[in-house]
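My notes follow in the order I looked things up.

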Amino acid sequence: MELSQRDRLSELVEELTTSGQPQLHQDRMKEVKKICRVSNDCIEHVYHSLMSQLNQEHAEVRLSAFQIATELFSRSHHFRTLLVDNFQELLELTVETDSEQPLPPPKEVARKLRSLAIQTIQSWQASYGSAYKKLALGYHFLKQVKKVDFQDAEARTVAERRREEERQRKMERIYKERVEAASKDMEESCQEIEATLTEMESCMSLLLPGFDRTDMQTTNHSPPSSQAANACPSADEQPCCSRDLKDNRRGGMIQEEEETKERKHEESREGKERKEVEDREGEKEEEEGSSEEEEGGPPGGDVFIRSSGLVSHSYSLDLDLRPGVHVKETEDNEAVVSTVIDLHRLIITKHLPAVQGWVQVFTRSGAEQQLLRRALELKRCLEAALQKHKELHIDYRTRVRRVMKASADGEEDDDDDDEDDDDDFDEVPEKEGYEPHIPEHLRAEYGLDPAPSTSTAPPPATSPAAAPLPSSSSSSSSRRLKRLIEEEQDPTCAAATLRRLRQSLPPPPESSSSSRSGSDQKAAGAPVVPFGLDLYYWGQEQPNAGKIIKSASQHQFWVPIDVDEERENKELQAESRSRYISFPGSFTPVSHHCRAPVGWGKLCQRQDRLKCPFHGPIVPRDQEGRPCRQEDRLREEQEERRRREEQPDWRDAELMRDIEAATGEDLGSDRVGKKGKGKKKKKYPNLSDLKQSANTSRSRLEKKVFNKSAMRRVAEVQGKDDRRKHDKFSNQFNYALN
Amino acid sequence: MLGFLTARQAGLDDPLRLRRAESTRRVLSLKLNPDRDVDRIHGNGINTIDIEAIEGRYMLSGGADGVIVVYDLENYSGQLQYTCKAVCTVGRSSKYVHKFSVETVQWYPYDTGMFVSSSFDKTMKVWDTETLKPAEVFQFEGNVYSHHLSPIARKHSLIAVGTKEPKIQLCDLKSGSRIHVLQGHRAEVLSVRWSPRYEHILATASADSKVKVWDVRRASGCLFTLDQHNGDKSKASSEAVNTAHDGRVNGLCFTGDGLYLLTTGTDDRMRLWNSATGENTLVNYGKVCNESRKRLQFTVSRGCSPEFVFVPCGSSVAVYGLHTGELVTMLRGHYNNVDCCEFHPDYQELYSGGKDCNILAWVPVIRASDVEEETKSANQLQVSREIGYWQFDRPKGFLASGSGSET
């Protein structure tokens with residue numbers, strides 16, 4: 001066999017086995033076969049390289065190698081002889097006959113390899129079993145000793161099957177327990193559910209008779225999506241969305257401010273009424289809008305929007321008029337509605353999940369039909385109730401606000417100014433609190449534009465809640481403030497949008513500071529200094545500052561020689577009169593770069609003040625990164641020389657690897673290589689990384705904690721402690737002993 | 001071959017010469033042969049096999065499930081393909097069957113009408129082959145690891161039994177009683193073998209790493225204990241004095257002429273000893289994998305000019321040159337550990353049994369005709385087989401008497 005063929009074969013086998021693919025690369029496989037056809041030597045070579053690949057601790061490599069072996073097995077007698085000769089090893093490596101040599105990870109591939117190997121061996125046995133004795137023996141060994149069931153699609157061994165059975169038994173037990181718990185649970189809460197259902201039923205029948213009185217309306221249902229689509233025709237025509245809305249408008253409309261202020265209060269109500277009309281009529285809306293724009297807007301900037309729900313009069317609005325049942329709560333039915341809401345919530349949050357859980361448990365465990373039927377019946381009832389509730393179109397979002405309003409400023413709003421716009425919304429389950437952050441992917445669901453900066457106020461911007469703005473002076477300010485805060489928290493309110501707009505705009509420069517008095521301003525600018533002794537005795541002579549008083553000895557006759565009852569301490573005295581104020585100076589950012597050459601003609605871009613952690617002290621350098629000064633250049637050269645000496649050229653990584661390959665001894669080439677390159681490149685990028693799975697928080701911690709140097713350091717410290725104790729106290733018996 | 005034949009015809013050569021040359025060649029060409037099968041009767045590992053010496057026709061095998069099977073090895077069908085039939089079986093359904101694993105089986109050396117088996121159920125049974133009923137049952141206090149009947153004894157009919165107790169029991173077939181106890185070991189006795197040369201010489205191997213050689217006529221103690229360092233105290237640590245191995249010694253085998261003794265131990269070594277002096281011949285066989293906790297049954301070829309050792313080594317049978325220690329070949333065919341192997345001296349065939357429930361027959365490869373093209377290979381094979389018969393049947397009686405003169 002020629003050397004080139006040999007090399008090519010090795011290369012091909014390596015490529016094929018390290019591809020990490022579940023199937024072999026056809027063209028390469030063809031080439032392998034073509035070369036193998038040349039001579040038996042080639043086949044032997046392939047066989048040996050395949051065996052070595054089969055020995056790799058990687059299931060993907062083994063799988064591919066086994067696939068190649070399968071391809072060749074059916075073609076070459078010589079290969080068959082070779083492989084069958086070493087059939088034990090093949091079985092060990094592919095079928096896991098030796099329990100001490102489990103198949104390597106990844107697990108999925110290992111399982112696949114196993115079942116493939118078992119199937120293949122069966123087919124081999126069928127076609128070649130009579131001719132190759134060892135193959136037959138191996139087959140019988142698998143069948144009779146290892147009890148591999150060749151019919152079993154999963155190709156499991158006895159142990160595996162037993163494990164499976166055990167698992168199943170365990171699951172059964174668990175299911176049984178669960179079924180028992182669920183049926184008990186169902187027994188208990190069945191009555192409650194039924195009561196809830198009855199209650200709901202009666203509530204709804206109470207609500208529905210009031211249906212034809214006042215509450216039924218055929219209202220406009222313009223889906224938010226269509227409105228949103230209309231609301232943003234082009235960038236320059238959406239003043240409400242753009243940030244400079246206020247500035248644009250303010251200039252032009254400032255003269256109208258007074259009259260608007262006066263009219264503000266009624267207008268907000270009128271506007272809404274008008275809008276209702278508008279919505280019903282639909283066509284005139286354009287003129288209306290234009291007139292509105294002139295009167296509305298400026299003070300808050302958005303009265304027009306609020307009153308019409310439109311931002312520009314050039315919009316065309318598609319209205320979808322659809323009749324439907326709509327229950328609108330009045331004060332009469334408020335109690336009923338609130339009951340319905342409570343019941344609805346109860347069903348949604350408690351009963352329905354519970355019933356669904358039971359159904360799941362029963363179906364999964366295959367429990368008695370009766371239980372399952374009952375659970376399904378309950379579920380159906382609950383769902384029917386929900387459906388009915390939905391058809392009623394009770395709007396509790398509005399209602400909640402109404403309740404709040406009634407408490408906060410009931411005199412301001414009448415029942416009449418209830419808005420119909422909210423009907424545009426689908427009924428959504430009540431939120432417990434407001435959601436200041438709506439995730440990006442949920443924005444569409446909430447009817448918001450994707451980007452928060454351009455979010456328009458959704459239709460409820462025209463809700464009455466937004467009507468009282470700071471300019472309106474009729475009601476008490478505290479209450480208003482409170483309500484404002486509350487509304488600002490509700491993302492569906494105009495107030496929230498306004499707040500956002502306000503935030504996004506730069507704060508108005510002078511208005512606030514000019515209003516304050518000058519002294520206030522000064523006080524704000526002055527630093528706050530902690531109160532100290534120096535301030536306490538400011539401007540006075542301190543009586544006993546800096547004196548240390550020593551109490552005279554109380555002893556009867558023994559007195560120390562130099563009893564100085566009082567001693568002056570200059571330092572303390574000075575301290576009580578003066579105060580240190582540390583002055584850190586102002587931070588000046590570093591403007592220079594390290595500029596040491598880092599290879600490939602690039603310069604180090606680090607901006608350290610004095611010393612680069614990689615290239616040492618920062619010195620002036622020229623275009624190519626060479627130091628300008630002579631001594632720096634010398635120093636760098638010296639360093640370079642020293643580094644080279646540290647690692648003599650015989651420690652060249654490549655050379656060492658060659659030597660290692662030749663002699664089979666470890667000279668540490670990978671260490672050297674690592675030092676040189678810093679990061680080792682992955683050898684076979686296609687194979688799945690076995691170490692990846694081991695990259696858990698635990699393993700990472702382990703790496704840190706059991707790091708050799710860390711261990712050594714800790715041991716050193718502990719040893720030092722121990723030694724110190726020993727050195728100091730070793731002559732004392734109780735320390736000497738331990 | 002032809003040269004040998006002509007020389008033989010001319011009467012130039014000793015008949016032994018041709019026979020040795022040919023049997024050596026045959027041993028060297030042992031292979032797993034698709035034409036030779038042994039019935040799969042055992043449902044569990046096979047611990048021991050024995051081929052009777054009278055006709056060389058019947059083979060006993062004892063399994064880990066207590067089953068004992070007798071096979072007929074002789075092929076009278078005239079076909080190339082032959083499956084060794086099980087003639088009779090002491091199966092699980094028999095009421096006399098051993099309860100636990102059968103550790104040793106042995107034919108009575110002079111008659112196939114009787115065989116002896118010992119088991120982990122603490123019994124040794126002497127069976128009547130015709131009725132497959134035990135004629136005698138010996139009870140012991142511990143598991144029986146090994147027993148052996150002297151193959152040449154004329155003056156006694158003693159069975160040496162190695163059990164879990166450190167004492168070696170001698171049972172007399174004549175009286176049916178345990179007549180003697182040999183004391184000296186400190187741990188269970190894993191293997192016992194009678195010398196094929198002197199009928200009163202017995203070798204025993206124990207888990208205390210010692211191998212002792214006894215003369216059963218001497219009551220006081222053993223003749224000597226084999227020492228791996230040949231008495232060189234400097235090499236041996238104090239506790240390793242007089243040990244044959246550094247682990248349990250679980251295999252014993254005399255060479256055919258009884259001049260040498262082979263031992264194997266769990267230190268993965270095999271040692272060859274001079275059985276007369278107890279001297280370690282220091283033949284280096286390299287590593288002989290041996291993890292067995294029980295007796296390991298291995299064997300030596302007979303009638304070849306350099307003799308060979310067949311020793312189970314993991315899942316294969318290793319063939320070593322006896323005196324050179326050179327690994328000749330590995331017979332790979334079992335799929336699990338091999339526990340026993342037995343050499344058929346007449347046909348130079350090897351039978352091996354292992355934990356994979358198989359008994360494999362290793363048969364010499366028929367030499368391809370180096371004369372002209374023979375078209376009918378089957379015909380030619382038949383011829384060579386007949387030659388084989390002719391060659392080896394005739395000098396059989398001669399073999400027993402010739403073994404002495406050979407040395």
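I began with the record. The UniProt annotation "repeat: WD", from an unreviewed entry, covers residues 95-137, 182-217, 242-283 and 331-362 of chain B. I kept in mind that the model is predicted.

Next I checked two of those stretches for secondary structure. Residues 182-217 of chain B came out as 0% helix and 50% strand. The end C-alpha atoms of that stretch are 11 Å apart. For residues 331-362 of chain B I got 0% helix and 59% strand, with the end C-alpha atoms 8 Å apart.

Then I went for a sheet in chain B. In what order do the four strands of the open sheet sit? I read 15-16-17-18, with antiparallel pairing. Strand 15 (189-194) and strand 18 (224-225) of chain B are at the edges. Each has a single partner strand, so one side of each has no neighbour in the sheet.

Strand 17 (residues 211-215) of chain B runs antiparallel to strand 18 of chain B, and two bridges join them. I looked up one pair: B:K212 has B:T225, in strand 18 of chain B, as its bridge partner.

Now for another pairing in chain B. How many bridges join strand 3 of chain B to strand 4 (residues 58-63) of chain B? I found five, and the two strands run antiparallel. B:I46 stands opposite B:G63, which belongs to strand 4 of chain B. This hairpin has six residues between the strands. In the hairpin, B:G56 takes a positive phi near 70 degrees.

Is strand 3 (residues 46-51) of chain B buried or exposed? Six of its six residues are buried, so the strand is largely enclosed by the rest of the structure. I'd learned that side chains in a regular strand alternate between the two faces of the sheet.

Cysteines were next on my list. I counted zero disulfides over all chains. B:C84 has 0% relative accessibility, so it counts as buried, the cut-off being under 20%. B:C304 is at 3% relative accessibility, so B:C304 counts as buried too.

Last, I turned to the surface of chain A. Which residues form a nonpolar patch there? They are A:F531, A:L535, A:Y536 and A:W538, with about 520 Å² of accessible area together. One of them, A:Y536, lies in helix 22 (residues 533-536) of chain A.

Definitions and conventions
Residues are numbered from 1 along each chain as its sequence is written. Chains are lettered from A and ligands numbered from 1 in the order in which they are written. This is a predicted model: local features need pLDDT of at least 70, side-chain atom pairs count only at pLDDT 80 or more; totals for chains, interfaces and linings use all residues. Side-chain values use heavy atoms; hydrogens and water are left out. A disulfide is a pair of cysteine sulfur atoms within 2.5 Å. Buried means under 20% relative accessible area, exposed over 50%, partly exposed in between (1.4 Å probe, protein chains only). Two strands pair if DSSP finds at least two bridges between them. UniProt positions are given in the numbering used here, feature names are shortened, and annotations may be inferred rather than shown by experiment. Patches are made of residues with over 30% relative accessible area and no salt bridge: like charges are joined within 9 Å, nonpolar side chains (Val, Leu, Ile, Met, Phe, Trp, Tyr) within 5 Å. Accessible areas come from the Shrake-Rupley method with a 1.4 Å probe; for residues, only the protein chains shown count as cover. A salt bridge is a side-chain nitrogen of Lys or Arg within 4 Å of a carboxyl oxygen of Asp or Glu.
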